Amino acid sequence: MNELIKWTNLTHKEIASGLREAGFTISLPLVSKLLKKHGYVKRKAQKKQTIGINKNRDSQFKNIARLHTEYREASNPIISFDTKKKEVLGNLYRPGTLYTKETVTTLDHDFWSLGHGKVIPHGVYDSQQNRGYITLGNSKDTSEFACEALKNWWNNYGKATYPNANSIKE
C-alpha cells in the first residue's frame, strides 16, 4: 500500500476490480482485511480546519452592532431569514424518534415517486421579539418563493409588530 494515500472513496468492489485488472487475485473479504490492516476505517469528514482570521473581523462585528442599534432605535425589524431542505410529503420514513401510543408504520421504501409532492420551509426569525415565523410552500422558483415568504411574514406579522418601520434589516 502507498503510505501517502490517506483516503479513498472507492468501494470494496471497485478496489478489488482495480486490483484484478492489475493482475492480482483478490476477494472482497480480503480487500476489507487489507484496508483494516493498513488503518483505513469508514469516517465522515469533519469541519475543523479554519479558513483563517480576517483582519477586519472586529470592525465588521462593530459595524453590525451599530446597524442593529440604528434599526432598533428607528423601530425597524431585525430579522434572520433562512430556508431548510425540501421534504417529500407522504407516508415515508423520517429519522428520529417521537412519543406515540401506538406503532407508527411507513412505506417500506422511500422512493420520492411514492410521495405527494415536496414542501420547502422558509423561516423568518425576529431577533427583537424572539419569535419565529415559518412559510411552507412547494414552488420550484426558490428566489420568487423566498420573496413571497418574506412578504407573508410582513403582511401577517411584521407590519402589526413594527407599525412605524420604514426598512427591514436582515
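Trainee: What share of the contacts between residues at least 6 apart in sequence join residues at least 24 apart?
Mentor: The share is 56% in this protein. A contact here means heavy atoms within 4.5 Å. Keep in mind that this is a predicted model.

Trainee: How many helices and strands are there, and in which pattern?
Mentor: The protein has four helices and four strands. Along the sequence they run α-α-α-β-β-β-β-α.

Trainee: How do you know how the radius of gyration stands against that of a compact globule?
Mentor: Set the two values side by side. The protein has 26 Å, while a compact globule of 170 residues would have a radius of gyration near 15 Å. The C-alpha atoms fill a box of roughly 75 × 55 × 35 Å along the principal axes.

Trainee: What percentage of the residues count as buried?
Mentor: Of the 170 residues, 17% do. The cut-off is under 20% relative accessible area. The accessible surface comes to about 14400 Å², and carbon and sulfur atoms hold 54% of that surface.

Trainee: Which residues make up the largest nonpolar core?
Mentor: Five residues do: Ile15, Ala16, Ile26, Val31 and Leu35. Helix H1 (12-21) and helix H2 (28-37) are the elements that give two or more residues to this core.

Trainee: What makes this set a nonpolar core?
Mentor: Such a core takes buried residues of listed types, Ala, Val, Leu and Ile among them, joined through side-chain atoms within 4.5 Å. Ile15, Ala16, Ile26, Val31 and Leu35 form the largest such set here.

Trainee: Why is Ser27 called partly exposed?
Mentor: Its relative accessibility is 34%. Ser27 sits in the loop between H1 and H2. Its C-alpha atom is separated by 41 Å from that of Lys86, 59 residues apart along the chain.

Trainee: Why is His122 called buried?
Mentor: His122 has a relative accessible area of 3%. The limit is under 20%, so His122 is buried. His122 lies in strand S3. Leaving aside neighbours within four places in sequence, its contacts include Phe81, Asp82, Thr83, Tyr133 and Thr135.

Trainee: Is Thr135 buried or exposed, and how do you know?
Mentor: Thr135 is buried, because its relative accessibility is 9% and the limit is under 20%. Thr135 belongs to strand S4 (residues 131-137). Beyond four places in sequence, its contacts include Ile120, His122, Phe145 and Asn152.

Trainee: What makes Asp110 partly exposed?
Mentor: Asp110 has 38% relative accessibility. That value falls between the limits of 20% and 50%, so Asp110 counts as partly exposed. Asp110 is in the loop between strand S2 (87-88) and strand S3 (118-126). Not counting residues up to four places away in sequence, Asp110 touches Leu92 and Tyr93.

Trainee: Why is Asn130 called exposed?
Mentor: Its relative accessible area is 56%. Exposed means over 50%, so Asn130 is exposed. Asn130 is found in the loop between S3 and S4. Its phi is near 55°, a positive value in a residue other than glycine.

Trainee: Where is Ser75, and what is its phi?
Mentor: Ser75 is in the loop between helix H3 (57-73) and strand S1 (79-83). Phi is near 65°, a positive value in a residue other than glycine. At 34% relative accessibility, Ser75 counts as partly exposed.

Key: Residues numbered from 1 in each chain as written. Predicted model: local features only at pLDDT ≥ 70, side-chain atom pairs only at ≥ 80, totals over all residues. Heavy atoms only, no water. Buried < 20%, exposed > 50% of the residue type's maximum accessible area, 1.4 Å probe, protein only. Rg over C-alpha atoms; globule rule 2.2 N^0.38 Å. Areas by Shrake-Rupley, 256 points an atom, 1.4 Å probe, with all protein chains shown as cover.
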